[in-house]
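Welcome! Have a look at the structure below, and then we will walk through some of its charged pairs and one of its helices together.

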Amino acid sequence: MSPIEAVVKEFEIESANTRKALERVPADRFGWSPHEKSWTFGKLASHLAEIPIWAGTIIDTEELVMGEEEYKPFEAASPRELLEAFDRNVAEAVQRMRTAAPDVWGGNWRIRAGDKVMWEAPRLVVTKTFLINHAIQHRGQMEVYMRLNDVPVPSIYGPSADEGGM
């Protein structure tokens with residue numbers, strides 16, 4: 001298995017785990033937040049649904065310049081819209097990663113703020129970091145939101161206290 005195929009497979013596995021969590025976001029708690037500095041349940045879930053679109057940006061560009069473009073984050077209005085966006089974005093990300101030219105993956109990609117390079121790494125590393133690790137981090141946050149709202153937390157890497165009796 002090639003390195004990119006391994007990353008795509010990991011992305012698919014983690015996306016399936018993320019979908020299990022997104023399926024449980026309650027419509028009546030979209031506006032709930034655990035703290036004034038925290039995102040709302042709906043905004044956090046919407047961010048998770050949007051993360052996969054980074055695949056195209058990473059493949060198609062050399063860099064992201066912070067503040068260069070006006071960016072309006074996706075915010076789902078309902079659980080259905082959330083899942084539809086997530087499923088569409090995951091499918092497109094997988095397709096883009098599988099059809100990208102092999103030489104793309106060895107090149108570097110970076111984030112800049114003006115002239116300052118904030119982060120730079122090979123595209124394959126950026127893909128793993130931004131698409132997979134980033135989603136895992138926010139999925140963990142969302143699982144805390146679930147617990148605080150008595151929403152059953154799904155089993156991910158093993159049984160949860162709500163599924164499988166831990």
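Before we start, keep in mind that this is a predicted model. Our tour covers salt bridges, of which the count comes to 15, and then turns to helix 2, a mostly covered helix spanning residues 41-50.

**Salt bridges between distant parts of the chain**

- Let us begin with Glu-10 and Lys-128, whose side chains meet in a salt bridge with an N to O distance of 2.8 Å.
- These two partners are 118 residues apart and link distant parts of the chain: Glu-10 belongs to helix 1 (residues 3-22), while Lys-128 belongs to helix 5 (residues 123-148).
- Glu-10 has a relative accessible area of 26%, so it is partly exposed.
- Lys-128 is partly exposed as well, with a relative accessible area of 29%.
- Another pair to find is Arg-19 and Asp-87, which form a salt bridge with their closest N and O atoms 2.7 Å apart.
- This pair also links distant parts of the chain, with Arg-19 in helix 1 and Asp-87 in helix 4 (residues 79-99), 68 residues apart.
- Arg-19 counts as partly exposed because its relative accessibility is 25%, and Asp-87 is partly exposed with a relative accessible area of 32%.

**A salt bridge within one helix**

- Arg-80 and Glu-84 form a salt bridge too, and here the closest N and O atoms are 2.9 Å apart.
- How far along helix 4 are Arg-80 and Glu-84 from each other? They are four residues apart, so about one helical turn separates them.
- Is Arg-80 buried or exposed? Arg-80 counts as exposed, because its relative accessibility is 62% and the exposed class begins over 50%.

**Helix 2, a mostly covered helix**

- How many of the ten residues of helix 2 are buried? The number is nine.
- The buried residues of helix 2 include Phe-41, Leu-44 and Leu-48, and among them are also Ser-46, His-47 and Glu-50.
- Gly-42, Ala-45 and Ala-49 are buried in helix 2 as well.
- Which helices do the buried residues of helix 2 pack against? They pack against helix 1, helix 3 (54-60), helix 4 and helix 5.

Technical notes. Residues are numbered from 1 along each chain as its sequence is written. This is a predicted model: local features need pLDDT of at least 70, side-chain atom pairs count only at pLDDT 80 or more; totals for chains, interfaces and linings use all residues. Side-chain values use heavy atoms; hydrogens and water are left out. A salt bridge is a side-chain nitrogen of Lys or Arg within 4 Å of a carboxyl oxygen of Asp or Glu. Helices (H or I, at least four residues) and strands (E, at least two) are DSSP runs, numbered from the N terminus. Buried means under 20% relative accessible area, exposed over 50%, partly exposed in between (1.4 Å probe, protein chains only). Contact means heavy atoms within 4.5 Å.
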